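This briefing goes through one protein chain, topic by topic. Please keep the sequence and the structure in view while reading.

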Amino acid sequence: MTDDEIIHRIREQDAAGQLPTPAPPEAVAELETAVGHPMPPLLKRIYLEVADGGFGRWGRGFVPY
């Protein structure tokens, strides 16, 4: 499954619009500075393009694995 397909599947699962809005780029940059390294590319895309949390194994959203 490609990154684009994973993002698409998460969006499909959130058809009701229950996930939070995407994170602002400044928040992602602040996190990366705080931890001292960049976020994994797919996770960064999800936070910036889909939602600022609420997905994944313990979230309300879709888990692609």
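**Pro20 and the chain as a whole**

Pro20 is partly exposed, because its relative accessible area is 31%, which falls between the limits of 20% for buried and 50% for exposed. Pro20 sits in the loop that joins α1 to α2. The model is a predicted one, and the values below are computed from it.

**Overall make-up**

- The chain contains three helices and zero strands, and read from the N terminus its elements follow the order α-α-α.
- Of the 65 residues in the chain, 25% are buried.
- Among contacts in the chain with a separation of 6 or more, 66% are between residues 24 or more positions apart.

**Packing of α1 against α3**

- Two packed helices are described by the angle between their axes and the distance between the axes.
- For helix α1 (residues 3-13) and helix α3 (residues 41-49), the axes come within 11 Å and cross at roughly 40°.
- The crossing of α1 past α3 is right-handed.
- On the α1 side the contact is made by Asp3, Asp4, Ile6, Ile7, Ile10 and Arg11, and on the α3 side by Leu42, Arg45, Ile46 and Glu49.
- Sorted by class, this contact of α1 with α3 has five nonpolar and five charged residues, and no polar ones.

**Packing of α2 against α3**

- Helix α2 (residues 25-35) packs with α3 at an angle of about 145°, and the two axes are 9 Å apart.
- α2 and α3 also make a right-handed crossing.
- The residues that meet are Pro25, Val28 and Glu32 from α2 and Lys44, Tyr47 and Leu48 from α3.
- Sorted by class, the contact of α2 with α3 has four nonpolar and two charged residues, with no polar residue.

**The nonpolar core and Val50**

- Eight residues form the largest nonpolar core: Ile6, Ile7, Ile10, Leu19, Ile46, Val50, Ala51 and Phe55.
- Helix α1 gives the largest share of this core, with three residues.
- Val50, a member of this core, is in contact with Ile7, Ile10, Arg11, Leu19, Pro20, Thr21, Pro22 and Arg45, when its neighbours within four places in sequence are left aside.
- Pro20 and Val50 are separated by 30 residues in sequence, and their C-alpha atoms are 8.4 Å apart in space.

- Is Glu32 buried or exposed? Glu32 counts as buried, because its relative accessibility is 15% and the limit for buried is under 20%.

**Pro41 in α3**

- Pro41 is part of helix α3.
- Pro41 counts as exposed, because its relative accessibility is 64% and the limit for exposed is over 50%.
- Which residue lies 38 residues from Pro41 in sequence and 9.1 Å from it in space, C-alpha to C-alpha? That residue is Asp3, one of the α1 residues in contact with α3.

Methods:
Residues are numbered from 1 along each chain as its sequence is written. This is a predicted model: local features need pLDDT of at least 70, side-chain atom pairs count only at pLDDT 80 or more; totals for chains, interfaces and linings use all residues. Side-chain values use heavy atoms; hydrogens and water are left out. Axes are lines fitted to C-alpha atoms, for helices over the stretch in contact, and angles run from 0 to 180 degrees between N-to-C directions. Helices (H or I, at least four residues) and strands (E, at least two) are DSSP runs, numbered from the N terminus. A crossing is left-handed if the near helix is turned anticlockwise from the far one by less than a right angle, and right-handed if clockwise. Contact means heavy atoms within 4.5 Å. Ala, Val, Leu, Ile, Met, Phe, Trp, Tyr, Cys and Pro count as nonpolar, Asp, Glu, Lys and Arg as charged, and the others, Gly among them, as polar. A nonpolar core is a set of buried Ala, Val, Leu, Ile, Met, Phe, Trp, Tyr and Cys residues joined through side-chain atoms within 4.5 Å. Buried means under 20% relative accessible area, exposed over 50%, partly exposed in between (1.4 Å probe, protein chains only).
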